[in-house]
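I opened this model to look up its pockets and some of its strand pairing. My entries follow in the order in which I made them.

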Amino acid sequence: MMLEPFAPYRASEFQVKFSTSDWERQEAHALRRAVFCEEQKIFASDDRDATDDHAIPIVALSMMGVAADRLVGTVRIHQEEPGLWWGSRLAVHEDFRKIGALGATLIRLAVSSANAMGCHTFLANVQVQNGLLFRRLHWDVIEEFEVYGKPHLRMKADLAWYPPCPTPETGLVALARKAA
């Protein structure tokens with residue numbers, strides 16, 4: 001009788017939270033470089049800019065029990081002026097994009113945590129191919145434009161759908177869809 005090999009481990013739970021350690025920040029930047037420099041070729045060698053000096057990085061971690069296994073997603077938020085917040089550099093590792101909940105949960109924590117810190121307007125410049133996801137999450141298109149040679153949508157979150165999250169350091173949980 002031939003035994004089937006075990007399927008590789010796949011995390012079914014992910015913690016989405018503010019980055020609280022050096023390794024999380026380093027891995028978030030590595031993921032951004034992989035997505036925006038190597039995969040999409042938007043930037044030549046690094047996507048860091050002056051916003052990183054004051055932005056709050058948010059990370060999605062795959063969990064193995066109670067321990068983080070690896071960083072699989074990131075986004076950053078920053079306050080441009082009192083009450084006006086921006087989200088940018090949303091990236092999910094290509095092996096985890098089909099999970100679906102990761103991008104949405106990163107967006108939810110980004111807006112909800114800013115809402116808890118006095119946000120009255122939350123904006124993002126979104127690549128056109130991601131516009132549907134944001135629309136489903138109650139964002140409106142303000143304008144269409146091109147940046148870094150790619151079509152983008154300036155979008156605004158409907159804050160009524162994002163209750164304030166006063167504990168972003170522990171954040172939210174995203175669950176993988178059940179396999180059929």
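This is a predicted model: local features need pLDDT of at least 70, side-chain atom pairs count only at pLDDT 80 or more; totals for chains, interfaces and linings use all residues.

I find 14 residues in the lining of the second largest pocket, and Arg-10, Ala-11, Asp-95, Phe-96 and Ile-99 are the ones nearest its centre. The space in the second largest pocket comes to about 330 Å³. I sorted its lining by residue type and got 8 charged, 5 nonpolar and 1 polar.

Next I turned to the largest pocket, for which I note a volume of about 1,000 Å³. Its lining has 43 residues, and I list Phe-36, Arg-89, Leu-90, Ala-91 and Asn-130 as the closest to the centre. Two or more lining residues come from each of α1 (22-39), β3 (67-81), β4 (84-92), α2 (101-116), β5, α3 (131-136) and β6. Which element gives the largest share of this lining? I find that β4 does, with 7 residues. By type, I record 22 nonpolar, 12 polar and 9 charged residues in the lining of the largest pocket.

Then I looked up the pairing of β7. Strand β7 (residues 150-157) is antiparallel to β5 (residues 121-127), and I note 5 bridges between them. Within this pair, Ala-124 sits opposite Met-155 of β7. Strand β6 (residues 139-147) also runs antiparallel to β7, with 8 bridges joining the two.

My last entry is on the turn. I see β6 and β7 as a hairpin with 2 residues between the strands, and Tyr-148 in the turn has a positive phi of about 55°.

Note on methods
Residues are numbered from 1 along each chain as its sequence is written. Side-chain values use heavy atoms; hydrogens and water are left out. Two strands pair if DSSP finds at least two bridges between them. Helices (H or I, at least four residues) and strands (E, at least two) are DSSP runs, numbered from the N terminus. On a 1 Å grid over the protein atoms alone, a cavity is a set of points where a 1.4 Å probe fits but cannot get out, and a pocket is an open set with protein on both sides within 12 Å along at least five of seven lines; lining residues have an atom within 4 Å of a point. Grid points are joined across faces, edges and corners, and a volume is the space filled by probe spheres set on the points. Ala, Val, Leu, Ile, Met, Phe, Trp, Tyr, Cys and Pro count as nonpolar, Asp, Glu, Lys and Arg as charged, and the others, Gly among them, as polar.
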